[in-house]
Amino acid sequence: MSDLSGQGPGQGQGQGQGQEPEPDVSADSVGPDTGRGPRGDLPEAAMRRLEATSFSSGLSVPDFAACLDIGLQPVALVQGFCVMQWGWYGPGSGTMRGMSPYMGGQQAPGAYSETYRCPHGFVSNEHRSWGQNLEQPWVEEAWTKGYHTAYGRMLEEAGTLGAHGVIGVADRVSNVADTGTTEFHFLGTAVTVEGGPPPAGGVPWSTYLAGQRLTKSIEAGFMPIAVVAALASVRIWAYCMTEYYMEGSMGGWGNNSGPALVEQVSKAHMASRQLARKHVRQQLAGDELHGATMDVVTRELSAGDEVIDCTLRGNRVRRFKDFDPVALPRPTVRLS
Amino acid sequence: MSPETGLGAAPVRDIRAEMLKGAQSLAAPAPPSKERGITSDLSVDEALLLHAAGWEPLDLVCGVAVVSVPVGVWNWGRGSISLASDAHDAAVDQAARLLRGECGKVHGYGVVGVRVDVTVNPHHIDVELVGTAVRPMSGKDSSGPGNAAALAMPFVSDLSARDFTLLERAGWMPVGLAFGASFVYAPRRSAGTAMKQTRQNVELTNYTEAMYSARESAMEKMQRSALGAGGQGVVEVKVTEGPMRFARHAIGFTAWGTAVKLVAEAHQFVQPQMVLPLDDAVVSFEAESLRNSGQGKGRKR
């Protein structure tokens, strides 16, 4: 039977209530092997709350019951925040592309880019004689930093409490007012596995799943490793043909006889999704990604000029036993 | 296991022991792996069901195409707006081709659970297809001559894993997405007719007729597309219809679904078991709902 008799997680690990937390412990040394109370660089109020003699969880009652059934003991509702300001990436920022395709962009090595050239020759200074699809690694890096900082802080809270994992994770990325500021927020329920060893390295595992869905995943032989996410950002600098196609004014320069594939925009869309998948795969290290969700936000700046942001997130899981499928379920018809 | 149905009672597993086993597996660092990680947007239930039916996910795949609509096609006119329909067909074909290409790269036999997103803009039509490439698991018969054909031309289906499993059990297989779209001008009423009808409760037959005309044309195209893909019919047909938001005098009708064909000798009856639940429906809970009452929808995992 799970021990839920009002004993706090710190105490459950053998710490006395009046004991002072260790004063000088770096944040990255937190782990479930402590046998001590909250420590690290958590705010004082958070430490007081976490030292209290009751557990908290964000689980519903059915999920809570399922959690106990599989031998998980809830420890605390843990959270992580990070508010990032987005810098200026316009002209003169050093990250802006060059003023011509020959002056060189500032993409990181290996980043995606494609250049499109006008088929008409010189027409006028207003004519877009070239265009580019350009991955924006600086945007991706800023997003990744915010996301992983908030995630790391949630794990830090969990690790400080001696938790082995965090279940029912919910994350949100939202803009704070119109200030070019983005808030990253993580929330989940820290748990310990009854009688189980701490994970290697002391870093708790995490999953978006909870309740019966987590139970089914474990039963099928998949152990959660981490929630993973990545953003891919692609900027389209339209060249003349893309501009004409997207705003419908061929201006005498395009082929107006029938529908045509808008190659630059189509390729940018494909690239944003493929890059997001590539970035996530780099975090998998051979494990599997389950229950992925892909969200795409397209911002049209002017005819053909767009920014495409693709976010891919899901559960990184690892098989811990040989393939053992569930029995093929029997089809049923519900009478009600 | 019942030899007649291929179904068996689920073995009783000690889930706490399984959890402990899982936790112990993470106690030691994982050896470095160069394996290509599998990605999938299937929910846990879908993944388990596919596994139970002998299929495994390979990769999250997508196909996106943007096709231009020539200038002036939405202006007033008569009859069908064939250039818009052609643009729609071209976008769908290109997106499906890219999706199949991605599926082929990972040696998938097909793509299930495809999310179809079609947006008709005044000057371009955007189509996005996203799904999970799958293949039969080792042990399932995958050596027949039909499988070379499956690898060369993977199926594409917007059916969920549950529907795909049921379809396969009934002896059918998806072959591809069948699409049909038609855009039609609603003819102008004469000035006299318009004036006469100003104060009447009256059917606008020009719109009704345009709707019927667009419907017939789109359904016919979808049917032709299904037959062209080698299907015998289309299941889960979805339709969208109505005036275009940017050109109220033009009616659009699109229809799509999964083209299927019978691969068994005859349809296999699934014979579901009737159940009478004694409990109320379980309240589904998402952790996202903790934030506030207005954001409780959460996402599928």
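Residues up to four places away in sequence aside, Trp74(B) touches Pro122(B), Met244(B), Ala247(B) and Ala250(B). The coordinates belong to a predicted model. Trp74(B) lies in the loop between β1 and α3 of chain B. The residue has 20 other C-beta atoms within 10 Å and is therefore buried, the criterion being 20 or more such atoms. Arg100(B) is 26 residues from Trp74(B) along the chain, and the C-alpha atoms of the two are separated by 32 Å.

Chain B contains 7 helices and 8 strands. Of its 301 residues, 41% count as buried. When contacts in chain B between residues at least 6 apart in sequence are considered, 74% join residues at least 24 apart. Four strands of chain B form an open sheet with mixed pairing, in the order β1-β3-β2-β4. Val112(B) is placed opposite Thr132(B) of β3(B).

The contact between the chains takes 77 residues from chain A and 71 residues from chain B. On the chain B side, two or more residues are given by each of α1 (15-25), α2 (44-52), β1, α3 (82-105), β3 and β8 (273-275). The largest share of that side is from α1(B), with 10 residues. By class, the chain B side is made up of 44 nonpolar, 16 polar and 11 charged residues. Strand pairing also links the chains: β10 (residues 332-334) of chain A pairs with β8(B) in the parallel sense over 3 bridges. In this pairing, Arg334(A) stands opposite Val275(B) of β8(B).

Chain A is divided into two domains, domain 1 covering 9-85 + 141-220 and domain 2 covering 113-135 + 230-319. The contact between them involves 6 residues of domain 1 and 5 residues of domain 2. On the domain 1 side, the residues in contact with domain 2 comprise 3 nonpolar, 3 polar and no charged.

In chain A, helices α3 (residues 61-69) and α5 (residues 211-219) have axes that come within 7 Å and cross at roughly 30 degrees. Angles under 35 degrees count as roughly parallel, and α3(A) and α5(A) are therefore assigned to that class. The residues making the contact are Pro62(A), Asp63(A), Ala66(A) and Asp69(A) from α3(A), together with Gly211(A), Gln212(A) and Thr215(A) from α5(A). By class, this contact between α3(A) and α5(A) has 2 nonpolar, 3 polar and 2 charged residues.

Helix α6 (residues 240-247) of chain A has 7 of its 8 residues buried, so it is largely enclosed by the rest of the structure. The buried residues of α6(A) are Cys240(A), Met241(A), Thr242(A), Glu243(A), Tyr244(A), Tyr245(A) and Met246(A). Elements from both chains pack against these buried residues, namely β3 (130-135) and α7 (263-284) of chain A and β1 and β3 of chain B. After α6(A) comes Gly248(A), which has a positive phi near 75 degrees.

An open sheet in chain A consists of 5 strands in the order β2-β3-β7-β9-β8, with antiparallel pairing. Its edge strands, β2 (113-117) and β8 (288-302) of chain A, each pair on one side only. From one strand to the next, the twist averages 10 degrees. The pairing of β8(A) with β9 (residues 305-319) of chain A is antiparallel and extends over 12 bridges. Thr298(A) is located opposite Ile308(A) of β9(A).

Notes:
Residues numbered from 1 in each chain as written. Chains lettered and ligands numbered in written order. Predicted model: local features only at pLDDT ≥ 70, side-chain atom pairs only at ≥ 80, totals over all residues. Domains from an automatic or database assignment. Contact = placed C-beta atoms within 7 Å. Nonpolar A, V, L, I, M, F, W, Y, C, P; charged D, E, K, R; others polar. Pairing = 2+ DSSP bridges. Axes fitted to C-alpha atoms, helices over the stretch in contact; angles between N-to-C directions. Parallel < 35°, antiparallel > 145°, perpendicular 65-115°, else oblique. Buried ≥ 20, exposed ≤ 12 C-beta atoms within 10 Å, placed from the backbone.
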